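Welcome! Please take a moment with the sequence and the 3D view below, and then read on for a short tour.

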Protein chains: 2
Amino acid sequence: MSEPRWLDQQEMATWLPYVKNAARVLAVLDRDLRRRHGISGSDYEVLHHLSEAPAEHLRIGDLAQLVADSNSRMSHRIDRLAGRGLVARHATADDGRGRVIQLTAEGRQVLERAAPEHVALVRRLFVDALTPDELVALAGPLARLSRHLDALPDAADDVPC
Amino acid sequence: MSEPRWLDQQEMATWLPYVKNAARVLAVLDRDLRRRHGISGSDYEVLHHLSEAPAEHLRIGDLAQLVADSNSRMSHRIDRLAGRGLVARHATADDGRGRVIQLTAEGRQVLERAAPEHVALVRRLFVDALTPDELVALAGPLARLSRHLDALPDAADDVPC
DNA sequence: ATCATATATTTGAAATTTCAACAATATGCG
DNA sequence: CGCATATTGTTGAAATTTCAAATATATGAT
């Protein structure tokens with residue numbers, strides 16, 4: 001760990017806007033969902049993934065993975081969603097440990113009500129900011145970044161240094 | 001609000017990785033800072049901005065703005081940082097309402113200890129994933145996105161629809 | 001079958017964030 | 001000046017997240 005290799009100007013000019021804007025956009029989306037529909041951005045994601053799953057069923061762990069979240073947090077979140085009737089917990093046939101989470105009619109309704117506005121806002125905040133060319137140009141590098149992160153040796157865990 | 005205009009495949013292919021990766025990278029950075037240095041990512045930002053400010057002084061509101069945060073949250077955060085001695089609150093000379101926050105020697109030490117690893121991790125997670133060309137190619141669109149967001153009519157507030 | 005270990009989820013408590021109300025001071029106007 | 005209103009920051013309580021520990025079931029080896 002001699003002299004650290006700081007980011008140069010070009011690196012900064014990409015890195016900072018990248019995270020700052022993303023955080024900002026996510027915050028606006030989250031706020032909007034809370035206020036208009038009483039659900040957080042993460043709640044929305046859960047409902048959305050459920051709505052796309054076969055039989056609108058998913059297990060806690062799968063949901064946690066899809067949303068890049070800890071099982072613990074997801075369990076708490078499901079508690080709250082279930083408490084509001086947007087989602088229901090069922091026992092699984094095959095694995096006594098697992099639970100299956102199902103979207104309720106009410107949950108689907110909330111999602112269907114929220115989705116159009118949500119998409120419109122994503123459009124307004126992000127898509128509209130970029131030309132079609134830029135949109136295409138970004139996709140490649142971003143996909144590479146995804147793969148890079150996936151390949152990383154368990155970035156969430158003990159990387160001794 | 002007739003039929004909503006959903007995102008097409010190209011738009012999705014840019015939008016989703018954009019936010020997902022950013023959230024993921026931020027989460028890894030946050031986790032790393034917490035574990036190695038006992039500070040959250042936001043704490044790091046506060047210390048960093050203070051260290052760059054003239055006389056290592058900033059007001060709550062300025063800090064909140066820099067970090068895109070509410071005054072309330074920043075006030076709580078400063079409470080905690082001050083409780084740990086990383087930062088100190090002083091009265092302002094000119095404005096009786098305001099407080100000035102100052103980095104303490106201890107705070108500077110924590111920051112200086114955390115910074116090299118933090119930068120190295122940013123490099124590993126983000127910069128290393130991209131070729132120099134890509135890095136340059138991204139900067140432009142991202143800067144436009146920044147400007148777009150800045151120009152937006154108060155996205156954080158009541159957009160009636 | 002029995003034990004040891006792994007996996008899936010839950011739980012509870014502490015830390016943090018959100019939200020709305022509350023100071024305290026500043027500013028502008030009649 | 002003296003009031004009305006705007007800023008700046010704080011506070012407290014409720015909601016959420018984090019973290020570590022607990023529970024329950026599965027799996028594989030003996």
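Predicted model: local features only at pLDDT ≥ 70, side-chain atom pairs only at ≥ 80, totals over all residues.

To compare copies, they are superposed by least squares on the C-alpha atoms of residues with pLDDT of at least 70 in both. Chain A can be laid on chain B in this way by a turn of 180 degrees and a shift of 0.0 Å along the axis, with an RMSD of 0.0 Å. That is the relation of a two-fold axis.

Residues are numbered from 1 along each chain as its sequence is written, and chains are lettered from A and ligands numbered from 1 in the order in which they are written.

**Where the two chains meet**

Two residues are in contact if their C-beta atoms, placed from the backbone, lie within 7 Å. The contact takes 48 residues from chain A and 48 residues from chain B. On the side of chain A that touches chain B, α1 (9-37), α5 (105-125) and α6 (132-151) of chain A each supply at least two residues. Of the elements, α1(A) gives the most, with 16 residues. Helices here are DSSP runs (H or I, at least four residues), as are strands (E, at least two), numbered from the N terminus. By class, this side of chain A has 36 nonpolar, five polar and seven charged residues. For these classes, Ala, Val, Leu, Ile, Met, Phe, Trp, Tyr, Cys and Pro count as nonpolar, Asp, Glu, Lys and Arg as charged, and the others, Gly among them, as polar. Why do the copies meet through the same surface? Because 100% of the interface residues of chain A are also interface residues in chain B.

**Around the DNA strands**

A residue is near a strand if its C-beta atom, placed from the backbone, lies within 6 Å of it.

| DNA strand | Residues around it | Nearest residues |
|---|---|---|
| C | 23 residues | A:R59, A:G61, A:S75, A:G98 and B:G96 |
| D | 23 residues | A:G96, B:R59, B:G61, B:S75 and B:G98 |

Near DNA strand C, α3 (60-66) and α4 (71-83) of chain A, together with α4 (71-83) of chain B, each supply at least two residues of the surface. The surface near DNA strand C has two nonpolar, eleven polar and ten charged residues. The surface near DNA strand D divides into two nonpolar, eleven polar and ten charged residues.

A residue is buried if 20 or more other C-beta atoms, placed from the backbone, lie within 10 Å of its own, exposed if 12 or fewer, and partly exposed in between. In α2(A), A:D43, A:Y44, A:V46, A:L47 and A:L50 are buried. Seen down the axis of α2(A), its buried residues fall within an arc of 160 degrees (taken from the directions from the helix axis to the C-beta atoms), so they line one face of the helix.

A:A55 lies in the loop between α2 and β1 (57-59) of chain A. Its phi is near 60 degrees, a positive value in a residue other than glycine. Is A:A55 buried or exposed? A:A55 is exposed, with 9 other C-beta atoms within 10 Å.

A:A68, in the loop between α3 and α4 of chain A, has a positive phi of about 55 degrees although it is not a glycine. With 12 C-beta neighbours inside 10 Å, A:A68 counts as exposed.
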